[in-house]
Amino acid sequence: MNTKNVRISALFVLVSACAFAQEKENVASIQELEEVVVSDSKFALPKEKSGKVITKITAEELKNKPGQSIAAILNTVAGVEINGNQSAAGKNLGYYIRGGKNSQVLILIDGIPVNDASGISMEYDLRLLPAEQVESIEIMKGAASTLYGTGAATGVINIRLKKAAKKALVGNGYFNLGTNATATNQNQKSADFNQGFSINGSSNKLTYFAALNSTETKGISQIAPPNSTIHYEEDPFSRLNYLAKIGYKATNQLTLDFFGNYDKIKNDYDGGFDNTGTSDTNLNKTSSKQFRLGFSPKYKYEKGEFVLNSSFNKLVRSYDELDTYSNSVGFSQYESRSVNVDGFNKYEVSPSFFLVSGVQYQFHDANSVTPYGSSAKEGTKFNMVDPYITGVYSSSFGFNLNAGARWNSHSAYGNQLVYNLNPSFDFKSLPLKIISSYSTAFVTPSLYQLYSQYGNAQLTPEKNSTIEAGFETQLCNKKLKWNVVGFYREQTNFIGFYFNPVTYDSNYINIDGLNKAKGIETQVSWTLSNTIKWNLNYTYTQVDEALSRLIPKHKINSSVDYKVSESFFWNVNYQYVDARKDAFFDGNTYATTQVKLGSYQLVNTLTRYEIIKNKLTIFGSVNNIFNVDFVENIGYSALGRNYKLGLTINL
């Protein structure tokens with residue numbers, strides 16, 4: 001980390017030079033920002049009027065990341081750690097934003113919350129969604145329950161799927177193949193295959209989009225062998241995705257959008273690491289099937305717009321798992337259903353002030369069958385009805401304010417209030433915007449935590465509050481963009497697991513006490529020339545001991561994009577992940593063992609060449625160029641040097 005001070009010093013020298021050169025520049029030109037964001041108001045808002053630092057991964061940026069998973073793409077964002085993206089493809093993912101965990105991160109697809117109501121944390125599995133279906137991603141960090149309800153405690157990931165082209169018929173197909181090897185077993189055979197196609201288009205009133213995607217990956221074991229002389233069996237992973245979207249413009253004011261998708265993943269997996277050397281098995285198999293249907297009408301009128309986002313989601317997970325005590329394979333199945341209806345209205349009170357008001361209804365139920373017990377959906381369900389309101393004010397002199405509140409009414413635990421206050425100031429005489437916010441959030445207990453064999457129907461929601469402050473600036477004729485945000489988060493009423501070693505009683509409980517997380521995030525984007533762009537972000541995160549598992553204190557991402565020609569693009573990127581704490585249950589001592597995972601550095605590169613403009617493109621990539629042998633999770637395999645080739649055809 002000795003290079004950090006050098007980089008910061010160089011950056012301050014550069015900023016000073018740019019500011020001096022820019023003193024006589026037309027201020028109005030500095031304030032012209034084409035980018036709009038949606039996440040902090042649910043409606044398109046010019047980014048300079050937003051009081052949040054929202055990271056937007058655009059369609060153009062995604063085009064320059066072919067062959068990557070959504071988890072890998074998100075893992076390069078400041079303040080975001082997606083654990084498991086460097087492991088075997090079937091490994092569960094951990095979402096850590098600002099020191100939080102999976103249940104504190106809300107994932108939206110086209111503005112609609114997605115989750116697995118049968119899971120312990122109810123989180124959505126990002127492995128279900130291929131990056132090739134995605135148009136753009138917005139990441140808004142901090143508490144956001146006022147607009148989005150439960151789960152939006154440390155961040156919201158808003159994924160927008162691809163839309164229909166303006167032409168009557170457009171086709172797209174792609175095929176990628178690559179290796180899938182660890183650093184200690186550099187088997188360079190093809191083991192990772194991705195392919196798919198889509199058709200879409202528009203007529204006078206109708207739009208349509210349909211896609212089919214599939215993935216097959218093999219080559220490595222989830223559990224890492226203890227040394228290079230021992231070889232464990234491979235744990236293959238496969239995914240199949242169908243997506244269909246239809247839009248109809250009934251009138252100039254009314255549009256009707258429908259969607260449906262089916263996603264399925266299957267993979268082999270090993271037993272949890274326990275330091276006994278017996279976790280590897282070819283008997284454990286799992287599958288997840290997801291069905292989603294939705295309807296989203298939008299009506300525009302003179303002073304605003306009304307939107308109704310509605311969806312039904314059914315997810316079925318099944319497991320065939322070896323029981324090492326009985327030496328037999330047991331079957332488990334978890335099935336959940338979720339209904340989400342969110343009607344919200346934007347009303348423009350004046351050119352500088354609009355109100356967003358809405359009511360969100362959510363219903364979840366689940367049933368399960370396991371060797372240790374079962375639960376029926378009739379007794380495993382809850383619903384929520386949440387009215388909310390947010391006001392957005394943008395003055396002519398640069399002051400902006402986003403403030404709102406939500407009343408959460410839950411069928412199991414009653415009512416509560418959350419709110420946010422988000423002032424910002426965009427200086428008219430300087431290329432500088434100051435941002436600040438105070439917001440609260442809640443995380444409802446899951447169905448599993450309430451009603452499973454370990455459930456506790458008396459649980460109440462976890463509560464979070466976050467304060468943040470920072471700035472954004474654009475210098476050197478907007479070629480240099482820089483932002484810095486500091487945050488402080490408090491978490492109370494945490495839901496944990498209680499176990500009595502004497503009576504063996506165990507269940508979920510609310511834990512008294514306060515846990516804290518704080519940190520700094522900074523991002524720099526510098527367009528060095530018409531062909532070269534440099535991006536850098538740094539994250540510092542400090543958390544209390546109770547929150548510290550798998551949280552790196554320091555993390556750096558840096559990349560250089562070089563547009564060699566109109567057809568030829570090249571990228572090289574670097575990532576530093578600091579040391580982290582992990583833990584595992586030791587099967588030899590029957591105790592939980594704490595371990596420290598070492599830091600690691602990765603360098604990756606990618607090149608993309610357009611053979612026929614807008615028609616035929618090829619790419620090649622090398623990840624972990626120096627074949628670094630590192631540990632992402634104790635006892636599990638991590639990816640070494642791997643290669644990937646692919647092509648895309650547009651018709």
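A polar contact is a pair of N or O atoms within 3.5 Å; within protein, one atom must be able to donate a hydrogen and the other to accept it, and residues adjacent in sequence count only if both atoms are side-chain atoms. N402 gives an example: its side chain reaches the backbone oxygen of D40 at 2.9 Å. This is a predicted model, in which local features need pLDDT of at least 70 and side-chain atom pairs count only at pLDDT 80 or more, while totals for chains, interfaces and linings use all residues. Residues are numbered from 1 along each chain as its sequence is written, and side-chain values use heavy atoms, with hydrogens and water left out.

Stay with N402 for a moment. N402 sits in strand β21, residues 399-410. Strands (E, at least two residues) and helices (H or I, at least four) are DSSP runs, numbered from the N terminus. N402 is buried, at 7% relative accessible area. Buried means under 20% relative accessible area, exposed means over 50%, and partly exposed lies in between (1.4 Å probe, protein chains only). Contact means heavy atoms within 4.5 Å. Not counting residues up to four places away in sequence, N402 touches D40, T390, G391, V392, N420, L421 and N422.

Now the interior. In soluble globular proteins, nonpolar side chains tend to be buried together. A nonpolar core is a set of buried Ala, Val, Leu, Ile, Met, Phe, Trp, Tyr and Cys residues joined through side-chain atoms within 4.5 Å. The largest one here has 33 residues, and L126, I137 and I159 touch the most other members. Elements that give two or more residues to this core include α4 (70-74), β8 (134-141), β9 (155-161) and β13 (237-249). The largest share, four residues, comes from α4. Apart from this core lies another, of 18 residues, among them L45, A152, F344 and V356.

Which residues does L126 contact, leaving aside its neighbours within four places in sequence? They are I70, L74, L93, Y95, I107 and I159. L126 itself lies in the loop between β7 (112-114) and β8. L126 is buried, with a relative accessible area of 3%.

Charged pairs come next. Side chains of opposite charge can pair when their charged atoms come close. A salt bridge is a side-chain nitrogen of Lys or Arg within 4 Å of a carboxyl oxygen of Asp or Glu. The structure holds 23 of these salt bridges. R98 pairs with E468, the closest N and O atoms being 2.6 Å apart. This pair links distant parts of the chain: R98 is in the loop between β5 and β6, E468 is in strand β24 (residues 462-475), and they are 370 residues apart. Both R98 and E468 are buried. They also belong to a network of salt bridges that links K52, R98, K141, E468 and E521.

R127 forms a salt bridge with D125, with the closest N and O atoms 2.7 Å apart. R127 and D125 are both buried. The side chains of E60 and K63 also meet in a salt bridge, at 3.4 Å from N to O. E60 and K63 are separated by about one helical turn, because they are three residues apart in helix α3 (residues 59-63). E60 is partly exposed, at 45% relative accessible area. K63 counts as partly exposed too, at 43%.

Turn to the surface. F175, Y562, V564, F568, W570, Y609, I611, I612, I618, L647, I649 and L651 form a nonpolar patch with about 1,000 Å² of accessible area together. Patches are made of residues with over 30% relative accessible area and no salt bridge; like charges are joined within 9 Å, and nonpolar side chains (Val, Leu, Ile, Met, Phe, Trp, Tyr) within 5 Å. Accessible areas come from the Shrake-Rupley method with a 1.4 Å probe, and for residues only the protein chains shown count as cover. β29 (568-577), β32 (600-612) and β34 (642-650) each supply at least two residues of the patch. The largest share, three residues, comes from β32. L651 lies in the segment after β34 and counts as exposed, at 70% relative accessibility.
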